[in-house]
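Q: Could we go through this structure together? I would like to begin with one residue and then look at the whole.

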Amino acid sequence: MEARLGIIGAGAMAEALIAGILSCGLLEPENVYVINRKNNERLKFLKETYGVNTTRQYSDIFSYCDNIIIAVKPKDMAELLASIREYVDEKHIIISVVAGISTSYIESRLEKKVRVVRAMPNTSCQVKASATAIAKGSYADEHSMGLARELFSSVGKVVVVEEKALDAVTGLSGSGPAYVYLMLEALTEAGISAGLGREISEQLAIQTVFGAAKMALESGEAPVHLRRKVTSPGGTTMEGIKTLQQMGFTASIVEAVRNAAERSKQLLIENCK
Ligand SMILES: NC(=O)c1ccc[n+]([C@@H]2O[C@H](COP(=O)([O-])OP(=O)(O)OC[C@H]3O[C@@H](n4cnc5c(N)ncnc54)[C@H](OP(=O)(O)O)[C@@H]3O)[C@@H](O)[C@H]2O)c1
């Protein structure tokens, strides 16, 4: 990638993206500029760890970089957009990873026909295994979508969706790592209550989830087929699956994703007044 990249926000998501983008060689550290609000220690850490440039001036970011990622919390977005409005112009591409903030809100607050792309990655960015969905704003073009795809491909898999699907994406893959961690906790506790030691139980649980996901990815077979293949009538797996379904396993996951997606919609209402 030739152009320079500005990152507004220096938190967990910004760091995961910086680590991914640099480690795959998409950009050199000297072409990345990071800004936050007040935490000097954090900027110092990012500069020392990754060799990126840091600044406290929005004018630096917008004059040095055409491509900008916004990675602040939803509650800070209104103030940020008001602060950067004067520096943004039509040459800039704005990629926002901020949950629940629409492209139309960003466009209207910037008061310009600026190219805005929204992205919903997840924390697995940190190990380059994010599931990221991207959606275009009103003025985003092929170039800006291509840029977002390239950036997020450096930290995992990317799909393109209509913006209205992003609440569902947030409920599924945005929050999804936490559901899987909960499943790992539950499997570990279950192994312990069935007689295993904690360490062995946790290792087996983690490797089992990893192996099943790898199998689903690499075999190309639908999960339903893979499940049927390993569930022989009258066998042990059949017994476990029957218990899970009797206790509402699928229904509870459907409800969890639905409620998380609803919460994403509320965030828009709460933060975009
Ligand atoms: N973590 C995830 O899995 C995940 C997944 C998808 C999307 N996201 C989204 O990513 C965004 C960032 O999440 P995070 O976990 O990285 O948050 P975080 O760790 O709290 O970091 C937020 C950063 O924003 C900076 N900031 C706030 N207001 C600012 C302003 N006006 N100008 C410049 N910088 C400003 C903060 O700087 P100071 O510390 O100096 O105040 C801080 O560096 C959120 O909107 C979240 O919805 C996160």
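Q: Where is Glu-111 found?
A: Glu-111 sits in the loop between α5 and β6. Helices (H or I, at least four residues) and strands (E, at least two) are DSSP runs, numbered from the N terminus. Please note that this is a predicted model, in which local features need pLDDT of at least 70 and side-chain atom pairs count only at pLDDT 80 or more, while totals for chains, interfaces and linings use all residues. Residues are numbered from 1 along each chain as its sequence is written.

Q: Is Glu-111 exposed or buried?
A: Glu-111 counts as exposed because it has 11 C-beta neighbours inside 10 Å. A residue is buried if 20 or more other C-beta atoms lie within 10 Å of its own, exposed if 12 or fewer, and partly exposed in between, with C-beta atoms placed from the backbone.

Q: What is the phi of Glu-111?
A: The phi of Glu-111 is near 55°, a positive value in a residue other than glycine. Most residues other than glycine have a negative phi.

Q: And what about Lys-128: where does it lie?
A: Lys-128 belongs to the loop between β6 and β7. Its phi is also positive, near 55°. Lys-128 counts as partly exposed, because it has 16 C-beta neighbours inside 10 Å.

Q: Back to α5, then. Which helix does Leu-110 lie in, and what is Leu-110 in contact with?
A: Leu-110 lies in helix α5, which covers residues 103–110. Leaving aside neighbours within four places in sequence, Leu-110 is in contact with Leu-81, Arg-85 and Val-88; two residues are in contact if their C-beta atoms, placed from the backbone, lie within 7 Å. Leu-110 is buried, since 20 other C-beta atoms lie within 10 Å.

Q: Changing topic: in what order do the strands of the sheet come?
A: Eight strands form an open sheet in the order β3-β2-β1-β4-β5-β6-β7-β8, with mixed pairing. Two strands pair if DSSP finds at least two bridges between them.

Q: Which strands stand at the edges?
A: The edges are β3 (53–55) and β8 (156–160); each has a single partner strand, so one side of each is left without a neighbour in the sheet. The twist averages 25° from one strand to the next.

Q: How many bridges join β2 to β3?
A: Three bridges join β2 (residues 32–35) to β3, and the two strands run parallel. Val-34 stands opposite Thr-54 in β3.

Q: Which strands does helix α6 lie across?
A: Helix α6 (residues 142–153) lies across β4 (67–70), β5 (93–96), β6 (115–120), β7 (130–136) and β8, and runs at about 170° to β7. Axes are lines fitted to C-alpha atoms, for helices over the stretch in contact, and angles run from 0 to 180 degrees between N-to-C directions.

Q: How is the protein divided?
A: There are two parts, domain 1 (5–165) and domain 2 (176–267), with bounds that come from an automatic or database domain assignment. The contact takes six residues from domain 1 and four residues from domain 2. The centres of the domains, taken over C-alpha atoms, are 33 Å apart.

Q: Finally, how many helices are there in the protein?
A: The protein has twelve helices, along with eight strands. Buried residues make up 35% of its 273 residues.
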